[in-house]
Amino acid sequence: MSTPWEVDGHRFDVSNPDKVLYPGNGYRKRDVLDYYRSVAEVMTGHSRGRPLTLRRFPDGIDDDGFFQKEASDHFPDWIRVASVPQRGERGVVHHVVLDDAATLLYLAGQACLEFHLALSTVDDLERPVLAVLDLDPPEGTGLTELREVTRRMCERFRDAGLDPHVQATGGRGFHVAAPLRAEREFDEVRADLRELAERAARDEPELLTTEQRKDKRGDRIFLDINRNAYGQTAIAPYSLRARPGAPAATPLDLDELGRAEPQSYGLANMARRLAQKSDPWADLAERR
């Protein structure tokens, strides 16, 4: 069974709209589309012009989903696609570029639950417009401790001349991100973030680590800078996560951190949040 949709003059069919994608909560594909319709304006404001990687779950989150970089041949021709050269390999990958609500809702109808964005734009793939530090806590980390570390990392960003912005990832931790003017290439930005993270780990060696191997991290919070590289991605603001409860990546004001959790918001309550509060990252591009 298919249901016809029309968004901004673009028509497409959504197959199996009552297919349950979040079995533990009973959320169906139509619920996912309704969610993405409610966040389309703020979400596409962050994704516009940046190569997209999809994470699709045709049979719901209890079955294996898959990542997709190459745009499918059957995608409508009104969906923008950009050719992205593969570093170190021959050829290109044809990434969808998430510029508008119609593209977002079409992809949601294709059971795309998670949207992952490159940190640079298709206009200048080598120079990022965003730097991202992922605070990845091990099981058992207290929320108070995680929040305090996030605050201290924001202070380190400021000391480095960066403008920190916090996002609840919808997963286990928080992101500290900073807008950039796309003046430096990935390798230079990554080196500076590595130095910042390693200095933090040296100052708090019992609490923080930059160790890549999980078996060497112990019970320390991992300061992950790996997203800051050509071809790598970070979860898009307002993207759902393929986790029970359908949490979403959520930009936060810094003064919200004292009461926020990594999975505070999602399909069940994001529309209410946006009705009461404007997007905390709305001016991100102007603050580069």
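**Loop residues and helix packing in the predicted model**

In this predicted model, A246 is placed in the loop that runs between strands β15 (233-235) and β16 (250-252). Although A246 is not a glycine, its phi is positive, at about 55°. A246 has a relative accessible area of 0% and is therefore classed as buried. A positive phi is likewise found at N16, which is not a glycine either and for which the value is about 50°. N16 belongs to the loop between β2 (10-15) and β3 (20-22), and with a relative accessible area of 42% it is partly exposed, whereas A246 is buried.

The packing of helix α1 (residues 29-47) against helix α2 (residues 101-109) is described by an angle of about 155° and by a separation of 9 Å between the two axes. Because an angle over 145 degrees counts as roughly antiparallel, α1 is assigned a roughly antiparallel orientation relative to α2. The crossing in which α1 passes α2 is right-handed. On the α1 side, the contact is made by K29, V32, L33, Y36, R37, A40, M43 and T44, which meet A101, L104, L105, A108 and G109 on the α2 side. By residue class, this contact of α1 with α2 comprises 9 nonpolar, 2 polar and 2 charged residues.

Helix α3 (residues 143-159) contains 17 residues, and the distance from its first C-alpha to its last is 25 Å, a value close to the 24 Å that is expected at 1.5 Å a residue.

The C-alpha atoms of E145 and L207 are 9.4 Å apart in space, while the two residues are separated by 62 residues in sequence. Just after α3, a positive phi of about 85° is adopted by G161; the positive phi values of N16, at about 50°, and of A246, at about 55°, occur at residues that are not glycines.

Notes:
Residues numbered from 1 in each chain as written. Predicted model: local features only at pLDDT ≥ 70, side-chain atom pairs only at ≥ 80, totals over all residues. Heavy atoms only, no water. Axes fitted to C-alpha atoms, helices over the stretch in contact; angles between N-to-C directions. Helix = DSSP H or I, 4+ residues; strand = E, 2+ residues; numbered from the N terminus. Parallel < 35°, antiparallel > 145°, perpendicular 65-115°, else oblique. Left-handed = near helix turned anticlockwise from the far one by under 90°. Contact = heavy atoms within 4.5 Å. Nonpolar A, V, L, I, M, F, W, Y, C, P; charged D, E, K, R; others polar. Expected span 1.5 Å × (residues − 1). Buried < 20%, exposed > 50% of the residue type's maximum accessible area, 1.4 Å probe, protein only.
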